[in-house]
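Here is a friendly note to read alongside the picture. Please keep the model open and look up each residue as we go.

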Amino acid sequence: APAVDDLASLKGFFGGTVTGKGGDIIILDDPLNPEEAESKPERERASNFVARTLSTRLNDKKNGAIIMVGQRLHANDVAAKLIVQNQWTHLSLQAVADEETKIHMPIKKKPIVRPLGDVLWKEREPMNLLQAQKIAMGSRAYSAQYQQNPTGDDANFFKRDWWRFYKKRPDGFDI
């Protein structure tokens with residue numbers, strides 16, 4: 001595969017152009033930062049760049065590969081657009097498995113099983129640090145970036161299933 005500087009000057013990334021030689025394997029790392037992901041025009045610009053520009057840069061479109069590595073940042077981010085196309089292999093690694101997960105690697109035949117609550121890299125970020133990070137970031141940002149599960153823009157509001165209705169006032173509530 002050609003060196004990165006053979007591919008193009010990726011300076012200015014979405015504002016510039018990708019020119020020069022193509023590549024056999026192109027790796028796109030975090031096409032958006034968290035602030036850009038909040039902007040619909042920035043999300044669209046990043047998605048358009050991948051669809052209209054980067055996708056044309058493979059030397060051999062039949063055998064080449066574009067790999068996007070990144071954290072999920074928004075329900076409508078670049079990854080969301082690619083997942084919907086169903087032409088990409090999607091590997092999602094949550095910091096903490098929210099259910100038993102079987103990870104099917106393309107070459108290895110035996111799936112990797114992560115049990116519920118499994119911490120992805122506990123030597124680097126143990127559960128207590130992840131919990132502190134969730135408090136520092138807020139649950140919406142944590143859910144997107146650490147759990148790869150971005151929620152809608154209303155995620156910081158009260159949820160309907162949080163409410164409880166009672167026919168009589170519970171004991172201890174003197175209002």
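1. Where is the place of Phe49? Phe49 sits in helix H3. Helices (H or I, at least four residues) and strands (E, at least two) are DSSP runs, numbered from the N terminus. Phe49 is buried, with a relative accessible area of 5%. Here buried means under 20% relative accessible area, exposed means over 50%, and partly exposed lies in between (1.4 Å probe, protein chains only).

2. A word on what you are looking at. This is a predicted model, in which local features need pLDDT of at least 70 and side-chain atom pairs count only at pLDDT 80 or more, while totals for chains, interfaces and linings use all residues. Residues are numbered from 1 along each chain as its sequence is written, and side-chain values use heavy atoms, with hydrogens and water left out.

3. Next, the overall plan. The protein has 6 helices and 4 strands, and from the N terminus on they run α-β-α-α-β-α-β-β-α-α. Of its 175 residues, 27% count as buried.

4. Now look inside. A nonpolar core is a set of buried Ala, Val, Leu, Ile, Met, Phe, Trp, Tyr and Cys residues joined through side-chain atoms within 4.5 Å. The largest one has 13 residues, and those touching the most other members are Ile26, Leu32, Val50, Leu54, Ile66 and Val78. Strand E1 (25-29), helix H3 (40-53) and helix H4 (78-85) each give two or more residues to this core. H3 supplies the largest share, 3 residues. Apart from this core lies another, of 6 residues, including Val96, Val119, Leu130 and Tyr146.

5. Leu91, Leu93, Met105, Ile112, Leu120 and Trp121 make a nonpolar patch of about 530 Å². Such a patch takes residues with over 30% relative accessible area and no salt bridge, with nonpolar side chains (Val, Leu, Ile, Met, Phe, Trp, Tyr) joined within 5 Å and, for charged patches, like charges joined within 9 Å. The areas come from the Shrake-Rupley method with a 1.4 Å probe, and for residues only the protein chains shown count as cover. One member, Leu120, is in the loop between strand E4 (112-114) and helix H5 (127-137). Leu120 is partly exposed, at 42% relative accessible area.

6. The largest cavity has a volume of about 80 Å³, and its lining includes Asp30, Leu32, Met68, Arg72, Asp77 and Val78. The largest pocket holds about 1,400 Å³. Of the 40 residues lining this pocket, Met68, Gly70, His90, Leu91 and Ser92 lie nearest its centre.

7. Which charged side chains pair up? The whole structure has 4 salt bridges, each a side-chain nitrogen of Lys or Arg within 4 Å of a carboxyl oxygen of Asp or Glu. Glu38 and Arg140 form one of them, with their closest N and O atoms 3.5 Å apart. Glu38 lies in the loop between helix H2 (34-37) and H3, and Arg140 in helix H6 (residues 139-145), so the pair ties together parts that are 102 residues apart in sequence. Glu38 is partly exposed, at 43%, whereas Arg140 is buried, at 18%. Arg72 and Asp77 also meet in a salt bridge (2.9 Å, N to O), and both are buried.

8. Finally, two backbone angles to check. Most residues other than glycine have a negative phi. Asp30, in the loop between E1 and H2, has a positive phi of about 45° although it is not a glycine. Gln148, in the segment after H6, also has a positive phi, near 55°. Asp30 is partly exposed, at 35% relative accessibility, and Gln148 is buried, at 18%.

Definitions and conventions. 1 Å grid on protein atoms, 1.4 Å probe; cavity = no way out; pocket = protein on both sides within 12 Å on 5 of 7 lines; lining within 4 Å. Points joined across faces, edges and corners; volume = space filled by probe spheres on them.
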